[in-house]
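Hi,

Here is the structure I promised to pass on. Have a look at it first, and then read my notes on the aromatic rings below.

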Amino acid sequence: MIFQHFFWDYDGTLFDTYDAVTRSYELACRDKGIVIPFDELRWMTKHSLSWTAAQLEQRFGVPAKELLAIRETYAEAMETFETMRPYDGVREALRAICEQGGKNYLYSHRDHRSMEALAHYGLDGYFTDAITKDDAFPRKPAPDALNHLVQKHKLDVAQCIMIGDRSLDVEAGLNAGMSGALFDPERFCDNNVPTKWKFYTMSELQKALIDT
């Protein structure tokens, strides 16, 4: 393996969650009389939930905090284990890392539900440690959470890589002194993400970073 320590984002990286996230936002918009194409809204949520709310407030005049609160109510019912599933190849990649003596770590902006989803799908055993929203670290691209894990486990950052589906995931890794990889199965991101490691399938990522 090129790296020994793999730090994974959750939403859009390990798990395909954006349809469920977008549906909850779509219902919140409907409640406030906002009409917006699903695909456009889905693209917006790839930036962040708060960014989406701010954009909708600017365009339609509905307070961002109000939209976020309504969306969260719908999300509790819609974002379930059945609507949020691991991407194809995730289990195989995580297992291959462990079998070759490497370790996996979760770094998610989602709360404890990310860990519950890993457990539900039998993936939690592949992880050495995790940081979620509940740990209250500054959000990516701040490196604080990654720095904490590096120091806690006494890791060599040259052997570490942060993998995520957005530029801020990659930048968080770079800001922590480690490498960063973009996993972009739907090709949402542009070519300005600052890394040479860019993958569109998990098997592609495994072949390049793990099985070498």
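Searching the whole structure, which is a predicted model, turns up eight aromatic pairs. One of them joins Trp43 and Trp51, and this pair is edge-to-face. Their ring centres are 6.1 Å apart, with 80° between the planes; that angle counts as edge-to-face because it is over 60 degrees. How exposed are these two? Trp43 has a relative accessible area of 40%, so it is partly exposed. Trp51 is partly exposed as well, at 31% relative accessibility.

Another pair to look up is Trp197 with Phe199, which is stacked. Here the centres are 6.4 Å apart and the planes make an angle of 20°. The pair counts as stacked because its planes are under 30 degrees apart. Are these residues buried or exposed? Trp197 is buried, at 18% relative accessibility, which falls under the 20% cut-off. Phe199 is buried too, with a relative accessible area of 5%.

Which ring does Arg187 sit over? The charged end of Arg187 is placed over the ring of Tyr200, at 3.6 Å from the ring's centre. Lys140, in turn, lies over the face of Tyr107, and the distance to that ring centre is 4.7 Å.

Cheers

Notes: Residues are numbered from 1 along each chain as its sequence is written. This is a predicted model: local features need pLDDT of at least 70, side-chain atom pairs count only at pLDDT 80 or more; totals for chains, interfaces and linings use all residues. Side-chain values use heavy atoms; hydrogens and water are left out. Rings of Phe, Tyr and Trp (its six-membered ring) pair if their centres lie within 6.5 Å; planes under 30 degrees apart count as stacked, over 60 as edge-to-face and the rest as tilted. Buried means under 20% relative accessible area, exposed over 50%, partly exposed in between (1.4 Å probe, protein chains only). A charge sits over a ring if NZ of Lys or CZ of Arg is within 6 Å of the ring centre and within 35 degrees of the ring normal.
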